Amino acid sequence: MLLNFDRLGWWKYVLLAITLLTAAFLLLPIVFIAALSFGSSQWLIFPPPGWTFQWYHELFADPRWLESALTSFKIAVIVTILSVLLGLVTSFGLVRGSFMFRDALKALFLTPMILPVVVLAVALYAFFLRIGLGGTLTGFVISHLVLALPFSILSISSALEGFDKSIEDAAVLCGASPLEAKIRVTLPAISHGLFSAAVFSFLTSWDEVVVAIFMSSPTLQTLPVKVWATLRQDLTPVVAAASTLLILLTIILMALVAVVRKVLKQ
Amino acid sequence: MSTCSDASGAIMPLPKVRRATGFGWALPALAFVGIFFVVPVAILLLRSVLEPVPGLGNYAQLIGSATYLKIFANTFIVSGLVTVISLLIGFPVAWALAIMPGRLTSVIFAILLLSMWTNLLARTYAWMVLLQRTGLINKMLIGMGLIDQPLALVNNLTGVTIGMTYIMLPFIILPLYGVIKKIDPSTLQAAALCGANRWQCLTRVLLPLAMPGMAAGALMVFVMSLGYFVTPSLLGGTANMMLAELIAQFVQSLVNWGMGGAAALVLLVVTLSLYAVQLRFFGNQNPGGR
């Protein structure tokens, strides 16, 4: 009876109230920021005295915001491509292969997910200072790739595990070369895994802030670093505008994932 | 393809040949992770025992100082608080999600995922504004007549706890949901048939059955909180610094790599050993987060 919603009696309303309040709590900051970014109050008073696009104008008028957004985008795209390619190759090895320490190797590849990011950030910062990659685009790409690769390997491996290899073998028996069979049979079959790998990798890189704080230089910084640096000075509504754009991108990507999943299921 | 047919067409197993295959495919990633993950972390940890002089001096300094001990204590207090509150809120929500009608459930799931994937800085910024003295929360509390002076909700323990709980909630609700969803409703029917009232059903059947999920989720939230950097540094005050910020400060402002490495090793050892406990007792869960 405790697992039947209709037979919970008045407990039902308690549970419902807690759930709705929690949902409101989770939604509050997101909606609030979006509303604030159009508010005319410099002092972030809510409800604002009026509505304006002023903060978006300021955001787009300042070349440093635009530049950091472009930097973020460039890095995220490169990271996504590398992460999917490397993840794909690695997953073939991990799922199809049989060698000693295969499970240990997989665990090693996933470790960056559980390691406190600050440890990785500090370690890479020191390492890159020494080999001259600090504050470079390559440095950013490498450090974001370390964080994105585990997500990629996880998504692609699980897709590959769910794929029946005998179909690929059948294609080879019918005259395809092993590589051709992989490209024309296996890849389309695991495309949903590749797609999640790409989205996760992109968002990991796009949203990454801790490692980026240590990687950035005065001339090269990502959007989250720019937000971080601005926040340390004041809570200007321009950050609300930048945040709203970040949130919007997330919603678009999430919707895209939902749509693609639906299409692939059919 | 480990079978083969003989002349009569019967299928017989091939003798098993233990041969390493596929390792080559994993080699590029191994090289990458080795060079840009294992080596840098190893160097950092090595520096903790080599700089400025070889020995355990950095660790002695870390344990011997009241300031650093306070930061360790604060890190555990904040993580513990966040874990307990997340669990108290998360359990009823996960329970409701597991049994509620579908339409509402999918809306709430969408909200959970959206908040999980919304940029961390954007969410933290929102709380900085919401919680400030003239912020919406204080205004609402005053408006409702609950307080007459604005409360200090930010740059202190309260701010960090609210901001971190906000971030951790989805990470406890989602695994708990999975656990409760798997519980067979007939066990509760049986308890009710045997005369248990609702309260007894909850405390003696549902809670014990959900316990492994609660423990696993709580451990994960605790571990993730221990290493958090962004939210505590923006919502916390100087008086309640956390371990991740201490590491960053050693490296960035003090340029003391020995101490930074030592503090990193402490964080690493605590994190990895708690994960080992998690894996040993509760199996694999997907972690994530900054």
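# Chat about a two-chain model

Colleague: Is A:Ser196 buried or exposed?
Modeller: A:Ser196 is buried, at 14% relative accessible area. Buried means under 20%, exposed over 50%, and partly exposed in between, using a 1.4 Å probe and protein chains only.

Colleague: What are the ground rules here?
Modeller: This is a predicted model, where local features need pLDDT of at least 70 and side-chain atom pairs count only at pLDDT 80 or more, while totals for chains, interfaces and linings use all residues. Residues are numbered from 1 along each chain as its sequence is written, chains are lettered from A and ligands numbered from 1 in the order written, and side-chain values use heavy atoms, with hydrogens and water left out.

Colleague: Back to that serine. Where is A:Ser196 found?
Modeller: In helix α9 of chain A, residues 191-207. Helices (H or I, at least four residues) and strands (E, at least two) are DSSP runs, numbered from the N terminus.

Colleague: Which residues is A:Ser196 in contact with?
Modeller: Contact means heavy atoms within 4.5 Å. Leaving aside neighbours within four places in sequence, A:Ser196 is in contact with A:Ser155 and A:Arg261. Also, a polar atom of the A:Ser196 side chain lies 2.8 Å from the backbone oxygen of A:His192.

Colleague: New topic. What does chain A average in pLDDT?
Modeller: It averages 90, and 100% of the residues in chain A score at least 70. pLDDT is the predictor's confidence in each residue, from 0 to 100.

Colleague: What ipTM does the complex get?
Modeller: The predictor gives the complex an ipTM of 0.88, and a pTM of 0.87.

Colleague: What does UniProt list as "transmembrane region" in chain A?
Modeller: The unreviewed entry lists residues 12-38, 75-95, 107-128, 140-160, 194-215 and 235-260 of chain A. UniProt positions are in the numbering used here, feature names are shortened, and annotations may be inferred rather than shown by experiment. In the model, residues 140-160 of chain A are 100% helix and 0% strand, with end C-alpha atoms 29 Å apart.

Colleague: Which residues of chain B does the annotation "domain: ABC transmembrane type-1" cover?
Modeller: Residues 72-278 of chain B, from an unreviewed UniProt entry. That span is 80% helix and 0% strand, and its end C-alpha atoms lie 22 Å apart.

Colleague: Take helix α4 of chain B. How many Å should it span?
Modeller: Its 16 residues (102-117) should span 22 Å at 1.5 Å a residue. The end C-alpha atoms are 22 Å apart, which agrees. The expected span is 1.5 Å times one less than the number of residues.

Colleague: What do the buried residues of α4(B) pack against?
Modeller: In chain A, α1 (11-37) and α12. In chain B, α3 (66-99), α5 (120-131) and α7 (157-182). Among the buried residues of α4(B) are B:Phe109 and B:Leu112.

Colleague: Where does B:Gly227 lie?
Modeller: In the loop between α9 (198-226) and α10 (230-235) of chain B. At 8% relative accessibility, B:Gly227 is buried. Beyond four places in sequence, B:Gly227 is in contact with A:Pro116, A:Val118, B:Ala244 and B:Leu267.

Colleague: How many disulfides are there over all chains?
Modeller: Zero, from a search of the whole structure. A disulfide here is a pair of cysteine sulfur atoms within 2.5 Å. B:Cys194 is in no disulfide, and the nearest cysteine sulfur, that of B:Cys201, is 9.5 Å away. B:Cys194 is exposed, at 71% relative accessible area, whereas B:Cys201 is buried, at 0%.

Colleague: Last one. Which peptide bond is cis?
Modeller: The one from B:Glu51 to B:Pro52, with omega near -10 degrees. B:Pro52 is in the loop between α1 (23-50) and α2 (57-64) of chain B.

Technical notes: A polar contact is a pair of N or O atoms within 3.5 Å; within protein, one must be able to donate a hydrogen and the other to accept it, and residues adjacent in sequence count only if both atoms are side-chain atoms.
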